[in-house]
Amino acid sequence: MTKMDEIAELFKSVDDETRMHLLLDFAKKLPALPEKFRAARDAGLNRVPECMTPVFLFVDRENGHPRVYVDVAEEAPTVKGLLSIVLTACNEGGVTNADAIPNDLLNRLGLDGLIRMNRVVGLSAIIGRIKRQITAINAEIESPGTSKN
Amino acid sequence: MSKEYAHPEMLVSTDWVDKNRSQTDAIRIVESDEDVLLYETGHVPEAVKIDWTNDLNDPVIRDYINAERFEQVCSQNGIGNDTTVVFYGDKNNWWACYAFWVFKLFGHEKCLIMNGGRGKWQAEGRPMPSDKPTYPAKPYKVKNPNPGIRAFQDEVLEHIKTKKPLVDVRSPGEFKGEITHMPDYPQEGVLRGGHIPGASSVPWARAANEDGTFKSREDLEKIYQQEQGLKPNDDVIAYCRIGERSSHTWFVLKYLLGFEKVRNYDGSWTEWGNSVRVPIEKGEPVKA
């Protein structure tokens, strides 16, 4: 079972209220953006334009694996929580392929009924970007020099 | 001396809330946010949370909850018919205005907005515990619903035939029709981009100051009356994507500028842009 499946199973096994608390727990443990990306963030680089909430996304590689880092405004705990899940699945679960992050992440977590409308639009855009960047990093790892990312 | 709002009594300051928040029998403070988890991270100590999606929308059909369900929501939050409900929230009180509008739709009499919302309360370093208060249930009965503040699609079609004013409060990109929907989430999307013909374009947040408070009456008059040519006796309909941002503008026009007839079209662009054969304009707004 992948880390992503484990988290999804946990979310699916509880009621709506507990699910929201789980999401809040994930939000609280989202790691701070590493020092090396902060200057870029402060310069306004790598901001996800589709999201009304300020979200900055950095995908790097370490030991041949893609690693995802984000910076999310404090006032957006839902976005923080979801990205914390994606980061846990990628960075702790050793995700090497973008397909490991489901497009229907919210449904998989049982959150689709609780988080709707324009919140979803921004979130799907961020997840889409993370997946595209993981794919680009992988292409770079496989054939160095062919990708600019 | 600056000119007062048409209905200054509809607003209270963060200071007023701080001084009066312990009167929990007469006053209920309600937080309504865009982010469904924000309240849980900390809030005005006595505040309850009412979520625009999970508490105020019907889970099956596209409509608000019915009167019976609304009565339950009020009752379980200790809101009686004579309770003064003070709304506040994130994003310049965007969702607070939406919850306010829904409460008015059901005819709740005493509704107020905390000017500046959550952002101002937080910036002033006021207390924000995360534990959730509970209050004894109160009986509630919907008495004088106010459907006149809501516009439906057929009414909007009539409205444009008679060339009455509409205010589109979405972003310029949405107004011009450059943005439609996001990949992977077609159910959130709209098939056509653009705006309702003849609508003026006033993004909702232009009515707010940096600190989330409403702009002064003079500044609001400059935007809506002098720049857009709206008049206080006009019959105005405001809309956005799902009717939430436009409830902020509805509040501004109705209570701060004193417009006599303002309606919120909550079907908004997600209904209009998906409807067959309704007229659509694209591009820049046509100056009145």
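This is a predicted model: local features need pLDDT of at least 70, side-chain atom pairs count only at pLDDT 80 or more; totals for chains, interfaces and linings use all residues.

Biologist: At what angle do helices α7 and α8 of chain B pack?

Modeller: Helix α7 (residues 217-227) of chain B packs against helix α8 (residues 245-256) of chain B at about 115 degrees, and their axes are 11 Å apart. An angle of 65 to 115 degrees counts as roughly perpendicular, so α7(B) is roughly perpendicular to α8(B).

Biologist: And is the crossing of α7(B) and α8(B) left-handed or right-handed?

Modeller: The α7(B) and α8(B) crossing is left-handed.

Biologist: Which residues meet there?

Modeller: From α7(B) you have B:Arg217, B:Leu220 and B:Tyr224, and they meet B:Thr249, B:Val252, B:Leu253 and B:Leu256 of α8(B). In that contact of α7(B) with α8(B), five residues are nonpolar, one is polar and one is charged.

Biologist: OK, on to the sheet. What's the strand order?

Modeller: In chain B, the order is β7-β6-β8-β9, an open sheet of four strands with parallel pairing. At the edges sit β7 (200-201) and β9 (261-265) of chain B, each pairing on one side only.

Biologist: How many bridges join β8 to β9(B)?

Modeller: Five bridges link β9(B) to strand β8 (residues 235-239) of chain B, and the two run parallel. For example, B:Ala238 has B:Asn264 in β9(B) as its bridge partner.

Biologist: Where does α8(B) come in?

Modeller: Helix α8(B) packs on the sheet and touches β6 (166-168), β8 and β9 of chain B. The direction of α8(B) makes about 175 degrees with that of β9(B).

Technical notes
Residues are numbered from 1 along each chain as its sequence is written. Chains are lettered from A and ligands numbered from 1 in the order in which they are written. Side-chain values use heavy atoms; hydrogens and water are left out. Axes are lines fitted to C-alpha atoms, for helices over the stretch in contact, and angles run from 0 to 180 degrees between N-to-C directions. Angles under 35 degrees count as roughly parallel, over 145 as roughly antiparallel, 65 to 115 as roughly perpendicular and the rest as oblique. A crossing is left-handed if the near helix is turned anticlockwise from the far one by less than a right angle, and right-handed if clockwise. Contact means heavy atoms within 4.5 Å. Ala, Val, Leu, Ile, Met, Phe, Trp, Tyr, Cys and Pro count as nonpolar, Asp, Glu, Lys and Arg as charged, and the others, Gly among them, as polar. Two strands pair if DSSP finds at least two bridges between them.
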